[in-house]
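Please read them alongside the coordinates.

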Amino acid sequence: MVEHGDIRVVHRGGSKINFREPVITNDSKFLLCASGECVKVFSTSTEECVHDLRGHTDLVTGVIIKPSNHLQAYSCSADGTVRLWDFTDGILIKTYVIGHPIYSIHASASHEGVVFVVTSMHADKRPDLLQLVAVHLPRSGDQMVEARELSAVLSDVSSNPLAIVFGRGGEYIASAKGLKLEVYLFRKQKAYSFFLKEDNKKGRRNTFTCVACHPKDDCIATGHEDGKIRLWRNFNQKKEYTYSTLHWHHSAVSSLCFTPEGTNLLSGGIESVLVQWRYNQEDQREFLPRLGAAITHITVSPDGSLFFTSHSDNKITIIQSCLKVSAAIQGLVKGESVTTDLMMDPRSKSLVLNGKPGHLQFYSLQRDKLLYNLDVVQQEYIHESGLQQFEVVKAAFDTSGNWLATVEERKQKGAEVELNLKLWEFDEQTQSFVLNTTISAPHEAQITGMCFCHSTDNQTTMLVSTSKDGHFKAWQLDAQAHTEADERPSWSCDFVGAYHSLVPECCCFSADGSLLAVSFQEVVTVWSTASWELLTTLSQPPKAIRNLCFGRLSCSKYLLGTTGNNLLCCWNLLTCSLEWSTSMDVSLLLADPISENMAAFCRQAGSTDLFVFKPSEPRPLFSQKAVCPGKVTRAIFTPREEMLESCEESSQWLNRSQLYFLTQHMDLMTFTTKVEEDRLMASSKQLVIDDTVAMTPFYLLLGKHRQQDSGDAQSGISAERTPLPQGSVAIKELLQTPAHVLPSTSFLCSMFVQSLLISVTDPREENKATEEEMESEKEEEDSEEEMESGTTRPEQAPLGRHAAESAAPALTKAQVRELRRVKKLDRSWFAGLLDS
Amino acid sequence: MISATSDTARFLPSAWMLSSISISSSSNFHVTAPSVFVVQTKSISVTSTEMASFKPTKIQVYPKLGEKVTQDTLYWKNYKAPVQIKEFGAITNIDFSPVAPHNFAVTAFTRVHIYGPFSQEPVKTFTRFKDTAYSGRFRSDGQLLVAGCEDSVVRLFDVSGKVALRMFKGHTKAVHVTDFTSDSYQILTGSDDYTCRLWDIPNATELNTYQEHTDYIRCGVTSKLNRDLFITGSYDHTLKMFDARLDKSVMTMDHGHPVENLLLYPSEGLLVSAGGRYVKVWDLLKGGQPLVSMKNHHKTVTCLSLGSNGQRLLSASLDRHVKVYNTTNYKVVHNFDYAASILSLGLAPDDESIVVGMTNGILSVKHRKSPEESKETSGQQRRKPSYRVFVKGKNYVPKQDDYLVSKPVKQHLAKYDKQLKRFNVSKALDTALETWLRRRKPEITVAVIKELDRRGTLKNALAGRDEQSLFHLLNFLIGNLVDPRFAPVLVTTAEMILDIYRSVIGQSPVVDRQLLRLQDLLEREIDYQKDLLEVLGMLDTMFASSIPRKEVPCSGISRSNGLGQGEASTSRPQLQAT
């Protein structure tokens, strides 16, 4: 087998944005988030990702704004470097090499040229012994600098960046770990430690979880695992310190933050309620409940107008200071596992999988953006750990995307499994899925598989579900049963099947929908969907069938299955015999819906290999060893938006569809070809964005126009064309002139409309005219009037002037002149717009 | 036998295992973003605003069991509560007078009572019978009444008089059938001596005797259009049509069961007979061809009647039901339940009242509600705030120039939801257990209990109750525990209650009594389930033996790699449970 060098496995989207607290720039326009190996810059007004700061080679563990220059930011990473970025342009300025993995980074305005990082300095690199280290960043012109001036400030600190914070203008630094709060006063060069009693009754409940310092006062707020918040004062003496306790949270306080003026304290935890405490009047609390998921970090913008909370479901919520949610930046929600398979919504071509608890998420792969969440369970989510909640465990789309079936499950210890099968119909008007039928307790035990009938010509849609109770059931939409006008057709059970008393595992419909294959442990049963007759049984003992898949298109006579004893079998359904079988440990077998190709992920010595093959051909089309470490259990073929024209045999299978898969660590990966990468590179170069404006859809529209415009300029045809409106001096002047000195709008309007008329002058003459006017500015007004009459519009100009004089005789001459100039420039600009 | 059930049983009559299917209302509040194609900023803002709203407790919609509300149901339910009158013995016949006040004659034991349309006391009583009277019937002018008797004498009475006008003697055994012919001068009688006779009223003489039946004659009917035609039904399973001008029957039909009652349609083209569990319709114009056979009762059908001007047919049976059929398609459209086996049934013209006589001697008279009364009930419903109050200002269509200021829609929550939102679990349970909800909408109470269980706070909500509220809680459990829709939730609740209040058992007689009732209920339910399982096992064996075994084609190659040759595929085609 040949290794194919031009096909690469790449990360694609869906990275975490809630790993570290988001950092807000001083003008509140951008949000910097550590996200995997890069830092993402989001615009706060549009919630779009403006750009990625790429460069780190390992997980980014912290981002801060450079205190001395608010347009630059430091980021630290587990690769042992601190990098300085210009985040508005996305340029890497400098790299400081520390040499040890860094867990978090802190800085303060009073310590110029020093950053504080948490790292393990010991030679044995015990990860549990961390130190806070002051790093003096060397001033050097080089790109890559090694920082050697390290001095330890505090030893034994927490790896959680929320547990270390600078207080009141950088006078002291507070760090909490376990039951110890440590305050280091820079002026006294002295550290004070305060210990809390361990609450023996309930274990480690007094443990510190986070720290915040009041910006104006000597006050430290600490959050604890039992939900208490303690406000420490007078801590610059060893003995006479005091603290007061606030208690609202029922479980650990995960984040604390003071507003910039210090008037309010914000706290959050697993309850997903943002609590605002009034400083010094702590009995006055305000709440913002139901934020969706547990709060992990809270940040406040420097002007105090916006709060940012990041949540455990990979989301950042933007909250106005009046405690009103204004927007949310939502990433791909990745729990511990994907219980539903990866699916493709046939309508929006988005990736669908279970997301937030009780929700299905629709994620656009092309735009790397979460489109929306479909609330499947429709129940109030109780944010409490250890509570058994309904989870979406299975979902399936039919071919046209009109129907969605979901299964939700709640397993209680000692009680029966609660199951609900829900069928959703796509509503064209609202462009969303609307619940059609709820079937409670469709089976007596867990549902192991579910699939829709694929046939497109068939009028009635059919769904088959298999369950551990030993039955499989076919569900059908019955339009005839409900004749009443107010009742829409609903789903009901059509057939219940069983084979001996074996447990069905997988089910699969043939491409034309006439056959249903259900695997009962080691036996594959093939049923006719029209008469529900058992047609034949196929088996390959002694191990159970793991995966089952019908071939497509020309290979639709083949049925493929994988067994527990590492066999991949292909049965020919015409002869009901085994066509071929091969020995490999297939963890996942899936078919491309638009071609004959099938992909098999095989486990081989701790990593996964991929084989792409056609059931009818003995030789695989493509194979790659060690695609990723660990087992691949979820993957999907998605159709491409535009086809690739690769004629190379090994990459032809990627021409019409893409293969995405999830690794063990929940990373979404895909295969790209060289052609595709080249195309991507080209498009990214094209898209140069003006950094003064945040990227909005409208801006993209305008920006594109501008690019075309500049392209035209290069071609030399309209080199003399006047610049775009925002660049035009005249428009700027018009806009910047105070409103009270401008004439009335009714007067301006007629002139403006006149200026929009397309002139028939050729550009050269036009240009001359403008040049003439430029000159005429210095001349007397009378002479300019003469010039004006000399242009191609001798009729209009005096008329306009006439009107102007009659309508607003009080106008100064200078103003009239300016208006006229505006009029002229404006027209040419508009003509240019129309041309393009 | 029970063990045999498990692999053939796809046909589960036990309601415990039926999966309930409900159709959701077409609300779409659950979808967080309305459109995939909207500008992204908008979709996110929708997500964020909807995110903050509380999702109310989901009330499971259960499929409505029982009959659907149809026009017929409404019509036949529109009767007042029945008037019950105790007679001396089983009521064998009820006949309505064809003339104006429509009195009815009730034959029971040795008497014939005549009741007025609205009186509860008999207007008139005929008691001159030596033995049990049978078949008291009015003549078409409502002046005369004829009745048979166990002592074989047929008596003719004047409705206003007391003493029998004529006595017709000739039968040798009890006379169960009497009727006037359409010319009103002759009487038809049928007797247990297997004969039927025609009598002349003025002379009290026997005109003719027909001895064709071979068993008791228990029913007969004369034609209202032809003075010479009459039909009799007998326990020899036959119906015979006679013509008085001839000496023998002109038509014979075989009902297949002892015939209990006969009925002629007003057009007299169709004949309805009741016997055994069957009601059969015969087409007389086609020479007695059977038209329809209905088997809707599970005991002998005893009585037939026509209602709504021949649009509906009523049949009464020993199984204590009266069924109403539509005479166009002979489908049952309504059903009345009575306390005892029904022997006789009468329907006043225009369905003004339904009179039913039963074996225990109770006469049940149901009168139709007058239009004012039926309006009164609907008026009660209208006492709620009118629709207009709610719609106020909402149906205003904005004009072209109007600027629409959108107001955030306020979410209206039920009281228990408000309490759940504030995590007041005990209060929410109290609200859900309020008398009205508990009685009228147990599904809401159960939904709240389920929600509390899901939140893991059901124990807290159940604990700390006083005698009164614990009594209500147990009362609710006893009422709904065995309901298959609620059982899974309520069983856990009952277990929790027993756990929590184990220490206080024996302190309150009220609670102890309730607990005993609960125990009794559970024992009965367990017995019932056991019985059901036995029935299921029986059914399974019956189905398994009735369905032929079918071999699945299995090619030699696949068998060779199959499970082994000895174990040939024995598939069992499954029953369809739709």
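1. Buried here means under 20% relative accessible area, exposed means over 50%, and partly exposed lies in between (1.4 Å probe, protein chains only). Helices (H or I, at least four residues) and strands (E, at least two) are DSSP runs, numbered from the N terminus.

2. The model is predicted: local features need pLDDT of at least 70 and side-chain atom pairs count only at pLDDT 80 or more, while totals for chains, interfaces and linings use all residues. Residues are numbered from 1 along each chain as its sequence is written, chains are lettered from A and ligands numbered from 1 in the order in which they are written, and side-chain values use heavy atoms, with hydrogens and water left out.

3. Helix α9 of chain B runs over residues 442-454 and reaches 18 Å from its first C-alpha to its last, close to the 18 Å expected at 1.5 Å a residue. The expected span is 1.5 Å times one less than the number of residues. B:Gly456 follows α9(B) and has a positive phi, near 75°.

4. Helix α13(B) has 38 residues and reaches 55 Å between its first and last C-alpha, close to the 56 Å expected at 1.5 Å a residue. Its buried residues are B:Val511, B:Gln514, B:Leu515, B:Leu518, B:Leu521, B:Glu525, B:Gln529, B:Leu536, B:Gly537 and B:Asp540. An α-helix has 3.6 residues a turn, so residues three or four places apart point the same way.

5. B:Glu534 also lies in α13 (residues 509-546) of chain B. With B:Glu523, B:Asp527 and B:Asp531, B:Glu534 forms a negative surface patch. B:Glu534 counts as partly exposed because its relative accessibility is 40%. Patches are made of residues with over 30% relative accessible area and no salt bridge, with like charges joined within 9 Å and nonpolar side chains (Val, Leu, Ile, Met, Phe, Trp, Tyr) within 5 Å. Lys and Arg count as positive, Asp and Glu as negative, and His and the chain ends are not counted. The place of a charge is NZ of Lys, CZ of Arg, CG of Asp or CD of Glu. Accessible areas come from the Shrake-Rupley method with a 1.4 Å probe, and for residues only the protein chains shown count as cover.

6. A patch of positive charge on the surface gathers B:Arg128, B:Lys130, B:Lys162 and B:Lys169. B:Arg128 sits in the loop between β6 (122-126) and β7 (133-138) of chain B. At 43% relative accessibility, B:Arg128 is partly exposed.

7. A network of salt bridges links B:Asp183, B:Arg227, B:Asp228, B:Asp243 and B:Arg245.

8. A:Arg187 and A:Glu171 form a salt bridge, with their closest N and O atoms 3.7 Å apart. The two residues are 16 residues apart, A:Arg187 in the loop between β17 (180-185) and β18 (190-195) of chain A, and A:Glu171 in the loop between β15 (164-167) and β16 (172-177) of chain A. A:Arg187 is exposed at 71% relative accessibility, whereas A:Glu171 is partly exposed at 30%.

9. A second pair in chain A is A:Glu428 with A:Arg347, joined by a salt bridge at 3.3 Å, N to O. This pair links distant parts of the chain, 81 residues apart. A:Arg347 is partly exposed, with a relative accessible area of 28%.

10. In chain B, B:Glu212 forms a salt bridge with B:Lys240, the closest N and O atoms being 4.0 Å apart. B:Glu212 is in the loop between β14 (205-210) and β15 (217-222) and B:Lys240 in strand β17 (residues 238-243), so the pair ties together parts 28 residues apart in sequence.

11. Two backbone angles deserve a look. Phi of A:Asn234 is positive, near 60°, and B:His102 has a positive phi of about 55° although it is not a glycine. Most residues other than glycine have a negative phi. A:Asn234 is partly exposed, with a relative accessible area of 36%, and B:His102 is partly exposed at 24%.

Notes. A salt bridge is a side-chain nitrogen of Lys or Arg within 4 Å of a carboxyl oxygen of Asp or Glu.
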